[in-house]
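Take a slow walk with me through this structure. Keep the sequence and the 3D view side by side as we go.

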Amino acid sequence: MANKTIDHAFTAQSLTSAASDPTFAGALSFMRRRFTKDLTGADAVVWGIPFDAATSNRPGTRFGPQAIRRASAIFDNDPQYPFQRHLFAEMAVIDYGDCLLDYGNHQDTPAAIERQASAILDSGAFLLTLGGDHYVTWPLLKAHVDRYGPLALVQFDAHQDTWLDDERRIDHGSFVARAARAGLIDPDRSIQIGIRTHAPEDFGIHLLYGHQVEEMSAADIASMIIAHTKGSPAYLTFDIDCLDPAFAPGTGTPVAGGPSSAKILSVLQRLKQLDVRGADVVEVSPPYDHADITAIAGATVAMYMLGLHAERRATAG
């Protein structure tokens, strides 16, 4: 026990140190990363946005960040499959905690998210956000575009989220329409994967429907994403309802006929060439989950996003 610690999120002596907390104990930051508001030296930042007031169906995603952090404790230390590396040996990652929001004044929410996200991005760190419903991607996109310029959108989702609104509405089904109309994303280089619903507009974004995902190999899907984005800087957003409800029951608007977690994770691991400038995992709703199935899927997707960033850093360095 001499070399072991507990509550690594608070007791870690280095941002690149490994945790030794048992899965069932210790402070539950994302993958036991240090909980801190100090961005000094951070290469990547994990941040939660516990917001679900934009949900159209079943609520509960305000508990998503907590659930994802809890589930992430099952893979907090060892070399992570399929990356074959200690993700945190050379990449300093912190858990920045959650976005501060006024639950009684939702009209202030988008500006609060954008302002706090911008402060994190100003440090130069890569930002991985845990939602929350999919509305939170709208202010996140604004913050990222302010720093990096217009981005290609790579969206894993059962829904297009291109419903039109008056641009004041707090709604998780319209952020893509807003982003396209505002010029935040380049529709010609954007792609949506796993779509299993219809919307009145597609804004020229390439759609890969659920039945097509079922018929294609993971390698072919990844190749299509890489080819379509054409090397552009991209924002990667993952709505957990992209997965079939068998693999992600804990979400607000589940749609049958989706891919397995195994297939989509196989797609993600092949996206090393994608120039991802920011990412999020949204719509995990623990009240509708069972045995943490959805939270584990969400935490694994988030870990893959960090793994891709670690490998891009290693290649570039």
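Leaving aside neighbours within four places in sequence, Ser285 is in contact with Pro59, Gly60, Thr61, Gly250, Thr251 and Gly252, where contact means heavy atoms within 4.5 Å. Ser285 itself sits in the loop between strand 9 (275–282) and helix 9 (293–316). Its relative accessible area is 0%, so Ser285 counts as buried; buried means under 20% relative accessible area, exposed over 50%, and partly exposed in between, with a 1.4 Å probe and protein chains only.

Before going further, a word on what you're looking at: this is a predicted model, in which local features need pLDDT of at least 70 and side-chain atom pairs count only at pLDDT 80 or more, while totals for chains, interfaces and linings use all residues. Residues are numbered from 1 along each chain as its sequence is written, and side-chain values use heavy atoms, with hydrogens and water left out.

Ala291 counts as exposed because its relative accessibility is 75%.

Now zoom out. The protein chain has nine helices and nine strands; these are DSSP runs (helices H or I with at least four residues, strands E with at least two), numbered from the N terminus. The C-alpha trace spans about 60 × 45 × 40 Å along its principal axes. For 317 residues, a compact globule would have a radius of gyration near 20 Å, and the 18 Å of this chain agrees with that; the radius is taken over C-alpha atoms, and the globule rule is 2.2 Å times the number of residues to the power 0.38. Of the 317 residues, 58% count as buried.

How do the helices pack? Two packed helices are described by the angle between their axes and the distance between the axes. Start with helix 4 (residues 137–148) and helix 5 (residues 175–182), whose axes come within 9 Å and cross at roughly 30°. That makes helix 4 roughly parallel to helix 5, since angles under 35 degrees count as roughly parallel, over 145 as roughly antiparallel, 65 to 115 as roughly perpendicular and the rest as oblique. Thr137, Trp138 and Leu141 of helix 4 meet Phe175, Arg178, Ala179 and Ala182 of helix 5.

Helix 5 is mostly covered, with six of its eight residues buried. Those buried residues are Phe175, Val176, Ala177, Arg178, Ala179 and Ala180, and their cover includes helix 4, strand 5 (152–156) and strand 6 (191–195).

Next, look at helix 7 (residues 218–229) and helix 8 (residues 261–268): their axes come within 8 Å and cross at roughly 45°. These two helices are therefore oblique to each other. Ala218, Ile221, Ala222 and Ile225 of helix 7 make the contact with Lys263, Ser266 and Val267 of helix 8.

Finally, a couple of backbone details. The peptide bond from Tyr81 to Pro82 is cis, with omega near 5°, and Pro82 lies in the loop between helix 2 (64–72) and strand 3 (93–98). The bond from Gly131 to Gly132 is cis too, with omega near 15°; Gly132 lies in the loop between strand 4 (126–131) and helix 4.

Definitions and conventions:
Axes fitted to C-alpha atoms, helices over the stretch in contact; angles between N-to-C directions.
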